[in-house]
Amino acid sequence: MIQFNNVTKICNDDVILDSVSFEIKEGEFVSFVGKSGAGKTTLVKMILGLEKPTSGEVLFNGINFSEADPTALQDMRRKIGGIYQDYKLLPKRTVFENVAYIMQVEGKDNEEIEAEVPKVLEAIGLGEKLNSFPDELSGGEQQRLAVARALVNHPDIIIADEPTGNLDPYNAYEVISILQKINQSGKTVILATHDREIINKLGKRVITLEKGKIIRDEAEGRFII
Amino acid sequence: MLTNFKRIAKFAMDDFSRNKGISVAAVFVLTITIMLVTGLFFFQVAGNYLTSQIQSKIDITAYFNSDAQESDILNAKDEIAKISGVKNIEYVSQDQALATFNQLHKGNSVLSQALQQVGDNPFLPALNITTNGDPAQYQTIANVLQTSDYSKLVSKVDFSQKKDIIEKVYSMISSINLVGIILGIILIIVAILVVYNTVKLAIENSSEEISTMHAVGADSWFIRGPFVIQGIIYGLIAFAICFVVTAISAFLVSSKLAAILPGFSASGYFLTNWWIFVLIQLVFGMGVGAISALIVVKKHLDK
């Protein structure tokens with residue numbers, strides 16, 4: 001599904017990623033771990049097509065991100081649901097509008113949006129907050145909204161970049177358990193984190209990065225740095 | 001397509017009403033700059049009127065000898081009329097000149113006695129010529145009158161006596177026009193930059209939002225559209241305010257301006273040319289607002 005072939009990224013003479021190669025298959029739950037600055041976020045941005053490699057290639061379902069035209073890139077991004085540490089919500093839109101936006105981008109009709117969005121928000125525990133703005137929600141609620149937004153279009157892949165970074169342990173486990181459920185439903189989940197406890201409890205594939213290089217890739221890995 | 005447009009328009013309206021502070025600031029700056037552009041246009045109109053008034057007052061008179069044949073003078077008139085820039089040319093015979101003089105000084109016994117003492121009609125036949133005010137035209141006319149056909153007939157041309165003054169006035173008018181154009185261009189560029197920076201500040205506030213929209217796969221028009229429509233809304237509101245202010249100002253200053261520029265009516269000009277004001281204010285307001293938004297969002301998307 002996703003392939004990194006000998007990918008190197010250099011920014012201002014700093015090597016961010018150094019000859020990184022791996023493959024993620026459909027339905028996998030893969031965690032990228034490493035210290036801050038190890039290259040996790042750059043890797044996530046490349047999977048979203050927001051960064052281009054200096055050399056090497058990133059393939060999504062066989063299509064090279066670097067060679068895709070803007071329309072193809074948008075289509076690929078729509079197949080990926082992103083969850084971020086800073087939530088990346090639309091601050092001037094309500095909870096309902098934040099989730100609806102993703103469906104509007106896909107060109108879904110209003111009836112479908114009106115029916116689907118409240119269901120997703122209800123499932124995520126935000127059914128009572130449809131008309132609230134993001135800054136009126138707690139950190140945990142904002143992250144759940146980000147999860148709802150990532151799920152609403154039934155994407156092929158969920159990418160979570162440090163999704164628990166700003167959350168207390170209770171909310172952090174809630175988000176991780178949602179990601180596990182998503183994976184159990186057959187979706188591919190990619191998680192970038194430096195939370196040792198979460199990784200060790202997951203018992204899933206772990207790719208460890210250090211200074212832009214992959215130093216470990218284990219099927220049932222643990223957090224070892 | 002239509003659904004997308006409706007959504008983009010709704011986003012724009014929501015953003016406009018939810019960012020009241022930024023919206024008010026952007027409309028205020030646009031209003032001020034549109035007023036500046038309108039003011040420049042109005043001064044240009046008043047300046048042109050003043051220039052044409054001064055130029056219409058400058059004319060040239062060619063006096064012919066008293067024994068010159070009327071047919072020769074009329075030949076000269078026809079030839080001068082062919083020169084480009086000659087707006088009007090009028091033949092005044094000796095008798096007409098005398099009649100006009102008598103009419104003007106009716107009841108002035110001293111002048112009447114003086115005329116009786118002279119005996120004959122002392123006035124010379126003449127051609128009164130009005131041009132577009134360019135001194136070069138006067139020189140061309142003088143050259144025609146100096147050709148062998150007419151030089152013997154012409155007694156004097158008053159242009160040569162007023163030449164320096166005419167050239168000074170013309171050069172002054174040309175300089176004022178040039179300075180006006182340069183100043184106008186500079187002020188319009190400043191106005192565009194001010195609007196651009198205001199729209200830029202308003203959009204910078206949403207830079208995180210733009211990158212999020214980009215990341216979730218929104219196409220560029222779905223991202224740009226609301227900002228461009230917001231720019232148009234800023235322009236429309238600013239236009240409405242400016243148009244009302246312009247109309248009220250034109251009527252308020254009309255009498256005062258007429259005292260400085262006799263015959264010029266600001267309110268009359270506004271009533272007959274209101275559509276020009278609509279065009280300038282709408283095109284400037286909406287155009288600069290929308291184009292600024294387009295450029296700023298494009299820069300964000302290209303990052």
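Author: With surface area: chain A exposes about 10000 Å², and carbon and sulfur atoms supply 45% of it. Accessible areas come from the Shrake-Rupley method with a 1.4 Å probe, and for residues only the protein chains shown count as cover. This is a predicted model, in which local features need pLDDT of at least 70, side-chain atom pairs count only at pLDDT 80 or more, and totals for chains, interfaces and linings use all residues. Residues are numbered from 1 along each chain as its sequence is written, chains are lettered from A and ligands numbered from 1 in the order in which they are written, and side-chain values use heavy atoms, with hydrogens and water left out.

Reader: What is the accessible surface of chain B, and what part of it belongs to carbon and sulfur atoms?

Author: For chain B the area comes to about 16600 Å², with 65% belonging to carbon and sulfur atoms.

Reader: How do I read the radius of gyration, and which value does chain A have?

Author: The radius is taken over C-alpha atoms, and the globule rule is 2.2 Å times the number of residues to the power 0.38. A compact globule of 225 residues would have a radius near 17 Å, so the 17 Å of chain A agrees with the rule. Its C-alpha atoms fill a box of roughly 45 × 40 × 35 Å along the principal axes.

Reader: What radius of gyration does chain B have?

Author: Chain B has 31 Å, whereas a compact globule of 303 residues would have a value near 19 Å. The C-alpha trace of chain B spans about 100 × 45 × 35 Å along its principal axes. Chain B is divided into domain 1 (2-54 + 171-302) and domain 2 (59-132), with bounds that come from an automatic or database domain assignment. The centres of these two domains, taken over C-alpha atoms, are separated by 54 Å.

Reader: How many helices and strands are there in chain B?

Author: Helices (H or I, at least four residues) and strands (E, at least two) are DSSP runs, numbered from the N terminus. Chain B has 12 helices and 4 strands, while chain A has 7 helices and 10 strands.

Reader: What share of the residues of chain A count as buried?

Author: Buried means under 20% relative accessible area, exposed over 50%, and partly exposed in between (1.4 Å probe, protein chains only). In chain A, 53% of the 225 residues count as buried; in chain B, buried residues make up 41% of the 303.

Reader: Where is A:Tyr87 placed, and is A:Tyr87 buried or exposed?

Author: A:Tyr87 lies in the loop between strand 6 (80-84) and helix 3 (95-105) of chain A. With a relative accessible area of 10%, A:Tyr87 is buried. Although not a glycine, A:Tyr87 has a positive phi of about 65 degrees.

Reader: And A:Lys211: buried or exposed?

Author: A:Lys211 counts as exposed because its relative accessibility is 72%. The loop between strand 9 (205-210) and strand 10 (213-218) of chain A holds A:Lys211, which has a positive phi of about 50 degrees without being a glycine.

Reader: In which helix is B:Asp95 found?

Author: B:Asp95 is found in helix 4 (residues 94-104) of chain B and is exposed, with a relative accessible area of 59%. B:Asp95 and B:Asn121 are 26 residues apart in sequence and 7.7 Å apart in space, C-alpha to C-alpha.
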